[in-house]
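Subject: Structure for you to look at

Hello,

Here is the structure I promised to pass on. Please open it first, then read my notes below.

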Amino acid sequence: MDLILGACDRNLLTPYVYPEWWPEDSLSRQTLSLYLITVIGGWIMYLSMAFFSYSFIFDHRLMKHPLFLPGQVRLEIVYACASVPFMAIPTVPLFVLEVRGYSKLYMEASGFWGWAFVVLSMPLFLMFTDCLIYWIHRGLHHKMLYKTLHKPHHKWKVPTPFASHAFHPIDGFLQSVPYHIYPFLFPLHKVVYLGLFIFVNIWTVSIHDGDYRVPDTFKPFVNGSAHHTDHHLYYTYNYGQFFTLWDRIGGSFRTPRAFEGNHVMNDIDLDAKDCNKAKGS
């Protein structure tokens, strides 16, 4: 995050926003700057990615599903945008620690093994975070936590891409913790970290986009939109974020109904048939 903060300081905050007497390495200034960057950047990233997915990928026929709420898209956007400033509060201290050099983030890489580790760190990051998110997510379904913290996200039983960040703030932060603690435990290149941060947000949007197409080779391993849609519908299956491994280990894996020929769209057809029967009776 120091790369982003440094760019903002050089090009905006130091010359145009903050007074000259407030040094860039001031703890209070860094904290305020990182909070503003996290909130405003979070809004921009969420809205732009979700809008793109909603416009060009999301199957709008799903909005006719009987469980799709009236005005759901607007409700998802409002809930997500209202949550981001609160999610940022516990997140910013972790960013401050990164910026002030307490993490294992690094910038220089040299030689074959140096760059090999940079490449290897990407799947390691995904596997580490997928494991922790699985157990955090599953824990949030415990009856002592679910109603207060996680149920708001399951309000969207047939989600759109705008539901991707529509969490209770504590829920959203808890599921992001693995991403933040990884660079405190393991070395990670700063540019890779930023790239993975963007990728994670893209993936979060993608598993809510209603596009269930996955190459057959990846179907047994990758947790995609089809898996996550079933999670929203049936609650106790497919808790994973990127892969199906921990659902299989934890006994919570469910083959997506879309892969079995029972597409969610079938519910729309059945509902329409029921309505026609009701009109004819």
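Start with the buried residues of helix α8: Ser-225, Ala-226, His-227, His-228, Thr-229, Asp-230, His-231, His-232 and Leu-233. Buried means under 20% relative accessible area, exposed means over 50%, and partly exposed lies in between (1.4 Å probe, protein chains only). Just after α8, Tyr-235 has a positive phi of about 70 degrees.

A word on the source. This is a predicted model: local features need pLDDT of at least 70, side-chain atom pairs count only at pLDDT 80 or more, and totals for chains, interfaces and linings use all residues. Residues are numbered from 1 along each chain as its sequence is written, and side-chain values use heavy atoms, with hydrogens and water left out.

Now the whole chain. It has 10 helices and 2 strands. Both are DSSP runs, numbered from the N terminus: helices are H or I with at least four residues, strands are E with at least two. From the N terminus, the order is α-α-α-β-α-α-α-β-α-α-α-α. The radius of gyration is 21 Å, close to the 19 Å that the globule rule gives for 281 residues, so the chain is as compact as a globular protein of that length. That radius is taken over C-alpha atoms, and the rule is 2.2 Å times the number of residues to the power 0.38. Along the principal axes, the C-alpha atoms fill a box of roughly 80 × 45 × 40 Å.

Of the 281 residues, 47% count as buried. Take the contacts (heavy atoms within 4.5 Å). Among those with a separation of 6 or more, 73% come from residues 24 or more positions apart.

Last, the cysteines. How many disulfides does the structure hold? It holds 0. A disulfide here is a pair of cysteine sulfur atoms within 2.5 Å. Cys-8 is partly exposed, at 23% relative accessibility. Cys-131 is buried, with a relative accessible area of 17%.

Best wishes
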